Amino acid sequence: MNPEILALRMMRQHLTHKAGQDEYDDLFRDLQPGLNVYWNGFGNPPSLTHRADFDDMEYNRGRQRSHGLLKLRLIGGNLGWIVPEDLELFAALYRKPLNNPNPAQLQLKELLERGEPMNIQQMKEETGLLVKAITPALHRLQVAFLIYEDQYDGDWDRGWYPFAQMFPAANLTKYSQLEALKVVIQRFAYRCVWFDCLMAKAYYKLPGKEIKAAIAELVSQGILIEYGNGFILKSDEELVRAPITLAKSVFAIHKNDFLYKAHEHLLKGPYERDDWETMYYLLIDGEFRGAAYGKFRYGPPDFPDLAVDLPKEEARARREEIIAAVKLLSLGKAPEKYNGEDWPRS
């Protein structure tokens, strides 16, 4: 890829210079929904790994408590965090109305609408339903934006509320899906600099037809322009041609990271192995050029190999830098092998 595009992408991702709080708020908004660190982040607030010059996990913990972040079931029915001002936007993208509720869904919806907020144990006692029936019913009601799980801290004993009770002013039909897609794709374009339809589809997990329609409208409006086999913002046309130095860097990228999610369709095949799980991906000088293999544990993982897709001499020369970058995510654990071979340890 054009090194100017890569350099600009790294800048806008705040990987070449870490974001202060104001920059972070804008970055978080553009990369929504926020996710916690893959595997090691259970119960923790969302975090933009490598990108903040402060403890953004604690910052987002505070935003959770004050409802400055909302936990919703969005992309692919999975949980993610958004800022309240974008609630209607993401409802347009991901809300799936529940037209024919099953008995468990209807029972739980009516129970929450007539009483106080409840946790799952209380619902079990009130309805006689088993947890294995309650949980999927609640998830479907979440996707329909009919109930809200108020997890404002790390406590697992959280309350469930009718969505309209928590957000009485929300207009869930304010935007069409096309209108909402046009907004988020502009944010996506700004942070990626260059992108194509497959990247947007991989990230937002929405049908390609809808993605293409939104991009086509943005092109017709002169907001996006075609560039190579993809698109850039019209406002970036001169920037991507200006000389920018691409600084050397190495980052280990986990599977909930924005850049992984946007490139997932390109990474899953080439970096999969039969013997070990792909734990992290290596972003070297702005491009994915390797992966860490092993098995996650509660604590430092099994870490048998770190594979680097670089010329042999460069891979050897940058070995310590690359291993150090991965250890930041592997709780300090170093790989047993480097490109399949034993390596000298100090």
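Tutor: Helices here are DSSP runs of H or I with at least four residues, strands are E runs of at least two, and both are numbered from the N terminus. This is a predicted model, so local features need pLDDT of at least 70 and side-chain atom pairs pLDDT 80 or more, while totals for chains, interfaces and linings use all residues. Residues are numbered from 1 along each chain as its sequence is written, and side-chain values use heavy atoms, leaving out hydrogens and water.

Student: Are H10 and H12 parallel, antiparallel, perpendicular or oblique to each other?

Tutor: H10 (residues 197-204) and H12 (residues 258-267) pack at about 120°, with axes 7 Å apart. Axes are lines fitted to C-alpha atoms over the stretch in contact, and angles run from 0 to 180 degrees between N-to-C directions. Under 35 degrees is roughly parallel, over 145 roughly antiparallel, 65 to 115 roughly perpendicular, and the rest oblique. So the pair is oblique.

Student: Which residues in H12 does H10 meet?

Tutor: Contact means heavy atoms within 4.5 Å. From H10, Leu198, Met199, Ala202 and Tyr203 take part, and they meet Phe258, Lys261, Ala262, His263 and His265 in H12.

Student: How many bridges join strand E8 to strand E9?

Tutor: Strands pair if DSSP finds at least two bridges between them. E8 (residues 277-284) and E9 (residues 287-297) run antiparallel, and the count of bridges joining them is 6.
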